[in-house]
Structure formats: structure tokens, C-alpha cells
Amino acid sequence: MLQGKCIILGVTGGIAAYKAAELLRLLVKAGAEVHVVMTRSAQEFITPLTFQTLSGNPVHTELFNLIQEQEIGHISLADRADLVLVAPATANLIGKVANGICDDLLTTTIMATRAKVLFAPAMNSNMWENPIYQKNHAELKSFGYHFIEPAYGDLACGWQGQGKLPEPQKIFNSAQTLLASNTLEGKTVLVTAGPTREEIDPVRFLSNYSSGKMGYAVACAARNRGARVVLISGPVSLPEPEGVETIQVVSAQQMYQAVMDRAGQADLIVKAAAVADFRPVIRDAQKVKKGGVETATVELQRNPDILAELGKQKGSRILVGFAAETEQLLTHAREKLEDKNLDMIVANDVTQEGAGFDSDTNIVRFLTADGKVEELPKMTKAEVAELLLDRATALLPGH
Ligand code: PMT
């Protein structure tokens, strides 16, 4: 499946470097031409000879190597690549790339390439959780770099936690998905994400726990597949994704207007936002005072149902909704699918650990208009987004 693809496999200095040999074997077996670039510290863990033998190509280790430079050179390596895959990627490597430092062959290749770059980080769990690392990670993601999240388990340093390099087969699968994907080229995908805020007065509002992670993951995945992406986002603390037209809104009414203004351009609409169904009838111009009362009532009125409105004027557009439920997941999700005239709905039982609001993972079921239900295990929101787009793309006219 990777026949004719040129992959640069970057290996950095971590105990998991030995697993890169198995990953290389899988890539070569699938037909890829693989050039391995090792950092100096990677060579402390595993020898270049191992990778040279498995890849059938010279292993690149030096930025200024006269022979290698003449034969292939770091820029032509970067130019030839269809994918740069770094496994394992240390916190040091991620930190350098996030800060534009190119002081060896691998960082220079990553900086110079226009190919997709996929990092498989592996490190001690405390390093993984360190806010400096997380900032670098999030920043690179917002620039369009791809990541496979490290696995949980016993770490070589004696700690238990997140930080293990995922199994080579899983990294291989992600690389394959990335390389296979320009499936949304020429399409416009509109995504909504995050909560809405319905103001009571200048300092108070009604809202929910949506972080925007699910919708942003869909937007990034669609962009990575070559789509033009319009992301309409409620107030969240995520950085605006690079290469995505992001429109910030606050209330459901603003989201309604922004969606309706752009829906006509969209081939696919994914509504991951948690839109408030109601808003206060009165929004006080001044901060409401306690006024010596023990109870108070806020009268609410219905907000427009954006998705239902889209369903009424659907045309050939593919409409995907989400259903956040706390009971009777399938019944309520199916009702929404039918009432709102959707092609597909992603049902999440938000009472489950690792599902729904604000978590990095989700546990979902895909329900489609033909009556099918696909049940998925717990996975990252990025993985859910990929599968969602696989299914939604298959529903697009002509597929
Ligand atoms: O943002 P995260 O923290 O990552 O969390 C993700 C999520 C839990 C918010 C997401 O996975 C999710 O389930 N989003 C939909 C939440 C929801 O409010 O569902 P609902 O059952 O109220 O609405 C059903 C569908 O109709 C949704 O697609 C919603 O966007 C849409 N809707 C709802 C009300 C309304 N007035 N207009 C709408 O368009």
C-alpha cells in the first residue's frame, strides 16, 4: 500500500528507539522507500547498521557530511519525502521543532520539508505532562503537524503513566492513513465546535462544559485531507488551527447566523458544537443585584435549532450531528438523526469515563440514516475524527 512512497524515518534518543527497527520493517514490507535519519543520541541506543540493513539505504546522521550531502543532501531528503515520521520523538526534539531550532540533520529536514510530518512522542510521564512540553505539542498541532499520542503503561524509567511509544503496528497504521488521505481535496467542510454562551447580564451566562476538542479535531483532520475548512467556534481556549478559516462566535444566535451564511458553500457539515437550547428572555444591561431575595428565576426562550434548520434545506450536502446523552443513548440519538434529517449522528454517552466533554478521548457510536450502528472503543478525539471523516466521505455524492 505504500508502494512508491518516500518516507523519512527520524529516530531520536530514547529507550524506545529499538521499536523503530520493527516500524521500519513494516514500512519496507509495505513497499515504501525509507531513509532513516538518526540523531546523535539515538545512536547511543541502537546502531545505524541495524537501520541500514533493514532499509537497504544508507543511514543519515550528520548535517554536514560531504559524501551524504553530495549524494542526497538534507534539502533533497526533505524535498523527496512524502512523509517525515519521527518515532520515537523525544521532548527535546519536539521542543526544538516548536521553537524553530535546526541544529542537526533531523530538525533541519523537518523544517525544510513540505511533506506531512508525523511525530510519535515517547518520554517519561512527568515530561509528557510538563506544561512546557504540552505547549510545544499543542503549538505544533495547530501548525498542522501530526501526532500519535503515547500509550499508558510501565515506563523504562520505573514510572507508570502516559509516555510509552505506541506499538509499531499502530504507528504504521497512522502513517498509512496520513499518506492515503487527500480524499477531501476540492471539498468544503464546515465544522462547529465548543459551547455557546447565553448571557444573563454583562458578567453571567448559561453554558456547558464543551472544550471544543472534538470539533477542532474534526476540523484539523478535514484540513489534513485537503479540504477547505470553515470552523465556527464558540468560546474555547484552544489555539485557532493553522490553515483553517476560524470564525469565533459566542451565542447560539451568532452561531446560527455564521452557519447559515456559509452553509451554502459546504459539501459536508459536522456539528460538534454543544449549542444551548435556551437563552434568557431578558439580558440585563447591568449586573443583576441580589436585591434581598432568596430565590430568583431566569425566564428562558428557545434558541434556533441550527442543525434542524440545516436539515430542512439539506440538498446534496452531507450532514453529521453529534448527540451528547446521559441516558437511552441510541434511542435519543436515532430520534435526533431522524428529526433533523441527518445522514449520520455521532452518539456519545457523556456519563462514561473518557467520553464526551473536555476529555482528550471519546467513546462513540456512529448511527447512519440506513439504520446501521457502528460501536467504537475508547479512542482519542483525533482518532474519532479520522473515522468520522472516513464514514462521512463515503457518503459524499460520487463516492
Ligand atoms: O467539545 P468537547 O469538550 O470536545 O466535547 C465534545 C462534545 C461532547 C461537545 C461533542 O462530542 C458533542 O456531543 N456535541 C453535541 C453536544 C450536544 O449539545 O448535543 P445535542 O444533543 O444537544 O444536540 C444534537 C445536535 O444538534 C448537535 O450536533 C448540536 O450541535 C445540534 N444543535 C443542538 C441544539 C441547537 N440549538 N442547535 C444545534 O445545531
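View 1. A nitrogen atom of the ligand lies 2.9 Å from a polar backbone atom of A272. A nitrogen atom of the ligand is also placed 3.0 Å from a polar backbone atom of P304. An oxygen atom of the ligand is 2.7 Å from an N or O atom in the side chain of K381. A polar contact here is a pair of N or O atoms within 3.5 Å; within protein, one must be able to donate a hydrogen and the other to accept it, and residues adjacent in sequence count only if both atoms are side-chain atoms. The model is predicted: local features need pLDDT of at least 70, side-chain atom pairs count only at pLDDT 80 or more, and totals for chains, interfaces and linings use all residues. Residues are numbered from 1 along each chain as its sequence is written, and side-chain values use heavy atoms, with hydrogens and water left out.

**View 2. Surroundings of the ligand.** The ligand is surrounded by 27 residues, the closest being S210, S211, K271, K336 and D358. A residue counts as near if one of its heavy atoms lies within 4 Å of the molecule.

**View 3. Helices α1 and α10.** Helix α1 (residues 19-29) and helix α10 (residues 168-180) have axes that come within 9 Å and cross at roughly 45°. Axes are lines fitted to C-alpha atoms, for helices over the stretch in contact, and angles run from 0 to 180 degrees between N-to-C directions. Helices (H or I, at least four residues) and strands (E, at least two) are DSSP runs, numbered from the N terminus. The two helices α1 and α10 are therefore oblique to each other; angles under 35 degrees count as roughly parallel, over 145 as roughly antiparallel, 65 to 115 as roughly perpendicular and the rest as oblique. The crossing of α1 past α10 is right-handed, that is, the near helix is turned clockwise from the far one by less than a right angle. K19, E22, L23, L26 and L27 in α1 meet P168, Q169, I171 and F172 in α10, where contact means heavy atoms within 4.5 Å. Six nonpolar, one polar and two charged residues make up the contact of α1 with α10. Ala, Val, Leu, Ile, Met, Phe, Trp, Tyr, Cys and Pro count as nonpolar, Asp, Glu, Lys and Arg as charged, and the others, Gly among them, as polar.

**View 4. Helices α1 and α3.** Helix α3 (residues 48-55) packs with α1 at an angle of about 15°, their axes being 9 Å apart. That angle makes α1 roughly parallel to α3. Their crossing is right-handed. In α1, A20, A21, L24, R25 and V28 meet T50, F51, L54 and S55 of α3. By class, six nonpolar, two polar and one charged residues form the contact of α1 with α3.

**View 5. The cis peptide bond at P88.** A87 and P88 are joined by a cis peptide bond, with omega about -5°. P88 belongs to strand β3 (residues 83-89).

**View 6. The backbone at N341.** N341 has a phi near 60°, a positive value in a residue other than glycine. N341 is located in the loop between α14 (329-339) and β17 (344-349). Most residues other than glycine have a negative phi, and most peptide bonds are trans.
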